[in-house]
Amino acid sequence: MMDHMEYILNILPFILSGLKLTAKIYVATLVIALPLGLLAAIGKVSGSQFIKKVLFLYTWIWRGTPLLLQLFFMFYGLPVIGIRLSPFAAATITYALNYGAYLTEIFRGGIESIDKGQYEAAKALGMSYAQTMRRIIIPQTVRRVLPTTCSEAVNLVKDTALLAVLGMPDLLRIATQIFTRDFNITPFVVAFVLYLIISSVLVKLFGKLEKMYSIYE
Amino acid sequence: MEYVLTILPILMKGLKLSLTVYVIVISLVFPLATLAAIGKVSGPRVLKRILFLYTWIWRGTPLLLQLFFIYFGLPYFDINLSPLVSVIIAFVLNVGAYETEIIRAGIESIDKGQYEAAKALGMTNVQTMRRIIIPQTIRRVLPATCSEALLTFKDTALVAAIGMGDLLRSAKEVVTTDFRITAFFIAFIIYLFISSILVLVFSRLERKYSIYE
């Protein structure tokens, strides 16, 4: 038991370094995907026919195909046609586009669920469309879609594990490397525990956030 | 165009594997998850605790980690399974955890009046579940289950990560061998096509069985 603990303490620094990359991709993805999803949702609701079609294609393709395929495409496919990105950039773009597509649909559903009376009242008050969106619709939408958005944010943590397949040193990959090196399943167990802690903490945090902003409908 | 025709057989073989895994997994998941959900709702305390741990761990950690653990880690315990079996076990456990929660929420949403009426009619717990509760639950959880089924199809691509020759892996090998990006485009189209078909099938299913509440 004791050298079990010592072993865990030995490998922990390595595994935590993988966590750093996981966290970086996580934050970078959300920072891009959230505004992207919001803008695209507004575009889908009130944009020109052309924009609507483009955005429809975007969400259709990026939600209808596996994230891993999208990652493979960015990592292995782009260099073939001459586009070379850093691994981090390629990964971030892929995750952001993928989650952006899901968020777009989530936000769009939220926007469309706001009843028309709000728009009418805003018009009666002389607000422009942009003002209506900014001051009336979007704030209400954000509150409504908060639960779903939070559960997507928790999913993202688990999806970052796919970086391991691309050879990027995230939490899962490092755990796998240590496993292969030592032929001991302890790193996997540690990885399980870490992911579990992270997702549970996020779930609790988001739960608090949701309660704070919960709709009194 | 000719190139597409030459690589199509390889991709189709991969697709067969993807679909095989998918069909086996979803046929196993629903019955197992229903049992687990019933266990969570009306089982003994020990069972409830075990199932709580199960869904907590299996929903709170990445599918890929679970896949790696079962595929690479089990041999460490001298358990040697074929790739297909380990993949199916991993998927069934993972999707099963999500589905258990979905069904459990469905069961708990059936109002108590149903149970009372059944009791008044002299039904046992088992009869109540089988004849009254579960049929209503199935209809209620159909939308969530269908969207879970759709996600599962995309998740089958993960078996590429452990070297199984599914659609994604075949596409990747073709791209890296021929150094042409075409195979990825075809893979995109095939996945899109199948997930769109699934969406259509599921919405038909939902419409047919939709609840008249």
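Which residue with a positive phi follows H5(A)? I looked this up and found A:Gly126, whose phi is near 85 degrees.

I noted that this is a predicted model, in which local features need pLDDT of at least 70, side-chain atom pairs count only at pLDDT 80 or more, and totals for chains, interfaces and linings use all residues. Residues are numbered from 1 along each chain as its sequence is written, while chains are lettered from A and ligands numbered from 1 in the order in which they are written.

Next I looked at where the chains touch, taking a contact as two C-beta atoms, placed from the backbone, within 7 Å. The contact takes 29 residues from chain A and 30 residues from chain B. On the side of chain A that touches chain B, H8(A) gives the most, with seven residues.

Last, I checked the largest nonpolar core, which has 101 residues; such a core is a set of buried Ala, Val, Leu, Ile, Met, Phe, Trp, Tyr and Cys residues joined through C-beta atoms within 7 Å. Its largest share, twelve residues, comes from helix H1 (residues 2-42) of chain B.

Terms used. A residue is buried if 20 or more other C-beta atoms lie within 10 Å of its own, exposed if 12 or fewer, and partly exposed in between; C-beta atoms are placed from the backbone. Helices (H or I, at least four residues) and strands (E, at least two) are DSSP runs, numbered from the N terminus.
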